[in-house]
Amino acid sequence: VGGRRSSTLEALVRRQGVAAVLVVVVLTPVPTPSSLAVPDAPVIDTQRTYAYDQIYLCWRLPEDSAEAWHYEVEFRQAEHPPKGPRRWHRIEEVRGTGTAVGHLELDRVYALRVRGYNKAGYGEYSEEIYLRSPPAP
């Protein structure tokens with residue numbers, strides 16, 4: 001308490017001849033770890049991820065991670081040497097822990113990664129995984 005209130009309280013205490021200690025307690029809610037933290041980097045599930053006529057990408061969050069409201073998946077061609085700039089393509093607001101990535105060129109290697117989002121923001125990207133799209137029939 002500062003300013004006029006403080007001096008009024010001190011004058012009242014002096015008039016009464018009483019020694020007093022004023023304790024001000026400010027209560028703030030204790031945030032839970034999941035309400036402050038962005039999601040951890042997802043782990044791509046290589047047992048459930050595969051390429052057929054498109055790439056089916058599956059992932060999970062680590063056990064102690066903050067929850068994710070949705071995910072963002074990015075993919076790009078991963079040719080060596082690169083033919084032009086390596087531009088990431090994005091699939092935004094993926095609900096759930098898997099998605100199909102389509103409209104890929106045939107018989108090409110693609111790098112894919114994923115990250116989670118919640119009210120604290122975006123988490124780190126997963127490790128990249130490399131998959132080859134199927135060749136022409």
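**Close-up views of aromatic and neighbouring residues**

The count of aromatic pairs in this structure comes to four. The model is a predicted one.

**View 1. The edge-to-face pair of Trp 59 and Tyr 71.** The ring centres of Trp 59 and Tyr 71 lie 5.3 Å apart, with 65° between the planes, and the pair is edge-to-face. Because Trp 59 belongs to strand β3 (residues 55-60) and Tyr 71 to strand β4, the pair ties together parts that are twelve residues apart in sequence. Trp 59 is buried, at 1% relative accessibility. Tyr 71 is likewise buried, with a relative accessible area of 6%.

**View 2. The tilted pair of Tyr 117 and Tyr 122.** Here the planes of the two rings stand at 50° and the centres are 4.7 Å apart, so the pair of Tyr 117 and Tyr 122 is tilted. Tyr 122 is partly exposed, at 36% relative accessibility. Tyr 117 is also partly exposed, with a relative accessible area of 25%. Ring pairs join Trp 69 with Tyr 117 and Tyr 122 in a cluster.

View 3. Tyr 117 is part of strand β7, which covers residues 109-118. Apart from neighbours within four places in sequence, Tyr 117 contacts Pro 39, Ala 68, Trp 69, His 70 and Tyr 122. The C-alpha atoms of Tyr 117 and Tyr 71 are separated by 5.9 Å, although the two residues are 46 residues apart along the chain.

**View 4. His 70 in strand β4.** Strand β4 (residues 70-77) includes His 70. This histidine is buried, with a relative accessible area of 7%. Leaving aside neighbours within four places in sequence, the contacts of His 70 include Glu 93, Val 94 and Arg 95, as well as Arg 115, Gly 116, Tyr 117 and Tyr 122.

**View 5. Arg 113 with the rings of Trp 88 and Tyr 125.** Arg 113 is placed over the face of Trp 88, at 3.9 Å from the ring centre. The charged end of Arg 113 also sits over the ring of Tyr 125, at 3.8 Å from the centre of that ring.

**View 6. The protein as the setting of the close-ups.** The protein contains two helices and nine strands, and the order along the sequence is α-α-β-β-β-β-β-β-β-β-β. Of its 137 residues, 29% count as buried. Among contacts between residues at least 6 apart in sequence, 61% join residues at least 24 apart. The protein exposes about 9800 Å², of which carbon and sulfur atoms supply 52%.

Methods: Residues numbered from 1 in each chain as written. Predicted model: local features only at pLDDT ≥ 70, side-chain atom pairs only at ≥ 80, totals over all residues. Heavy atoms only, no water. Helix = DSSP H or I, 4+ residues; strand = E, 2+ residues; numbered from the N terminus. Buried < 20%, exposed > 50% of the residue type's maximum accessible area, 1.4 Å probe, protein only. Contact = heavy atoms within 4.5 Å. Areas by Shrake-Rupley, 256 points an atom, 1.4 Å probe, with all protein chains shown as cover. Phe/Tyr/Trp six-rings, centres within 6.5 Å; stacked < 30°, edge-to-face > 60°. Lys NZ or Arg CZ within 6 Å of the ring centre and 35° of its normal.
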